[in-house]
Amino acid sequence: MSITNEPERVRSRVQVTGVVQGVGFRPFAYALARELGLSGQVGNTAAGVIADVEGPVAAVNAFADRIRTDAPPLAVVSAVTTESLPAVGGTEFTILDSTTGPGRTLVSPDVATCADCLAEFSDPSDRRYRHPFITCTNCGPRFTIITGLPYDRPATTMSGFPLCPDCAREYADPADRRFHAQPIACPACGPRLQLVQPGLEAEYDEDALAAAHALLVDGAILAVKGIGGFHLVCDAADQAAVTTLRKRKDRGDKPFAVMAADLDAARRIVAVDADEEELLTGSRHPIVLLRRRPGAAVAEAVAPGNPDLGVMLPYTALHQLLFDQPGPCVLVMTSGNLSGEPIATADDEAMTRLAGLADAWLGHDRPIHVPCDDSVVRIVDGTELPVRRSRGYAPFPVDLPVPVRPALAVGGDLKNTFCLGDGLYAWLSAHVGDMDDLATLQAFDRAEQHLEELTGVRPEVLVTDKHPSYRSRQWAQLNARGRPVIGVQHHHAHLASVMAEHRYQGEIIGFAFDGTGYGDDGAVWGGEVLLAGYDGFDRYAHLKYVPLPGGDAGVRNPCRMALSHLRAAGLRWDPRLPSVRACHGAELDLLRTQLDKDIACAPTSSMGRLFDAVSSLAGVCHRAGYEAQAAIELEGLASSDQGLGAYEFEVMGEEIDPAPMLAAVVRDVLAGVAPGVISARFHRGLAGLMVTLAERIRAAEGLTTVGLSGGVFVNKILLSATTSALTDAGFAVLRHRRVPPTDAGLALGQLAVAARVR
């Protein structure tokens, strides 16, 4: 009689949480189990993916290890837990249908078309050749088409497109790249392109594309339906077309983003380094802010007065098709809306809302369930700095340093995003917009309800900014339904945001620099140095108060802010100064009276308004057509010559007095010093001031970590110079890498301050 020593068989339940649905996780688990000789099953639940695996101990352990380390490219594994089960025998491994029930999964953002799909798209022998909606498990729309969980085709906007036999076969085959790829489609069973021109019959598919090309070549403006909404599109080299679009959209001078046909086309108009190339071509395909090349073949009206261009590459097959005929190789690609309104998403809505903006509509019949604008990012010192976090990033959560109770933080009124949190996760919404009209408030309502559905978070508390007139705060109060509403000071929330994204616990030296924030004393804060933790803050120092003449009128007219700063500094309004010349005659007399009699002059410590003042004094920008225009143009002119020196500030107790800096700026302007030199000296002076203040606080309080937050830190020159100087002085520096430093990141800080479980 012979005895065989077969290895002991065990059975284990492996639960995986994170971004594990719609990313090819079940076929990956199936293939891994087959490779290891395991039997069992795998399926989606509302909590994630659960696999029951049975076989030799070593193989079961290897499965639990490799399901984390070898996960598919779009998956993000947050946790893997195992539980022993009784062995049941068997030799098969099967994939189960999804089940509903309690729990939580993390939904994948929309991602750009992958290389495998692009290869098929370009292959004349492939059945998806030139298919505008080609996708697979590794790419395509996710967040914008999901209507519920678990993430299966019936819970997406693809539910109305029955699969043809070929697609059904791929969808059901665990060995296929399109196994359970919910947006799967082909020309036989998928969405169709449609071009609509007023007064003409609709055209479809290739005819629609040919007509769209002809319109773009002729200088027309198209409304093109993307993943998260409509874009307004025209030839970026056509000055007349871009000017027309700017007028129709009521855009002012705010820059347009552009889409380049490919990386080579992008390199012809902007400088692209290795980090920026990786960002441009990665799975997210955001708009990347890049320095414009001299003589770039882009109309001046695309980004007037701005040395940078926001550039992205095609992230859908439909975008690829816009460039496949002779014609423009760079297109303006801006949100399909009037300035200040939410992006249009539905075809009938776009036909109405964009009627005065577009000459034709290139749409399709796949509904968009969730609006999602393009993300905007810049690279600073080799690291991502988010400016707008939306497509490709939302709704992926930020993991928190400490748990929070179920809560909703509603953010601010500008660049609004909101944040849902529970436990160790915070879900920051996609970009909503400025909360200044009914359409945006309605978009906020819909987006908040949808994110609650996806995350399963049922807020027990609402968190807002303390500004009594913010519409976001009023929304929270109206929708509280008996739940507590907690206010968090604006700049405290900014600093808590950068702390939370770094999972930092403890106190920091916080520089919170922005344009406007409601202060605890009722003034307009914005140049704040705080000793901050999640539990509270002390205001160590702030920019000296100056009058903000006329509120928003002072913001829109940097020349008025310049004269207010001169007056506060005891400097005369010399008629040779550009700011005085820009503000001449009746306006000058009115401003003098306003300041003399303190009429509608709120006190402000805003660093954003100081940037405005210096920009106007240097002759760069006197009237702002969009937010931060004066500061952006001042930054763009800054000389890179390291031997130019720096302006000095004076610190007196809690006040940072810019008077010495302003006096030096006036002397330089009157001496004919170039604006680029003035800009460089101002930026370096501000960085030096921050190091001086940080060193004083370290000596007095022992703090060695500095946090930088607020919209001023979108400024690449200031952020880089400050980080370098503080690091050289021995400080650890926390700066934004996952959420924007602007008010678009405010909600994360609100949540971290007010909703923590103590």
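**Close-up 1. R560 and E587 form a salt bridge in this predicted model.** The closest N and O atoms of the two side chains are 2.8 Å apart; a salt bridge here is a side-chain nitrogen of Lys or Arg within 4 Å of a carboxyl oxygen of Asp or Glu. R560 sits in helix α15 (residues 558-568) and E587 in helix α17 (residues 585-596), so their contact ties together parts 27 residues apart in sequence. Helices are DSSP runs of H or I with at least four residues, numbered from the N terminus. R560 counts as buried at 19% relative accessibility, and E587 does too, at 18%. Buried means under 20% relative accessible area, exposed over 50%, and partly exposed in between (1.4 Å probe, protein chains only).

**Close-up 2. E587 also meets R623 in a salt bridge.** The N to O distance is 2.8 Å. R623 belongs to the loop between α18 (607-617) and α19 (629-637), 36 residues from E587. With a relative accessible area of 36%, R623 is partly exposed.

**Close-up 3. R26 pairs with D152.** Their side chains form a salt bridge at 3.6 Å, N to O. R26 is in helix α1 (residues 25-35) and D152 in the loop between α3 (115-121) and α4 (165-172), so the pair ties together parts 126 residues apart in sequence. Both R26 and D152 are buried.

**Close-up 4. Salt bridges link R291, D308, R378 and E635 in a network.** Across the whole structure, a search finds 40 salt bridges.

**Notes.** Residues are numbered from 1 along each chain as its sequence is written. In this predicted model, local features need pLDDT of at least 70 and side-chain atom pairs count only at pLDDT 80 or more, while totals for chains, interfaces and linings use all residues, and side-chain values use heavy atoms, leaving out hydrogens and water.

Definitions and conventions. Helices (H or I, at least four residues) and strands (E, at least two) are DSSP runs, numbered from the N terminus.
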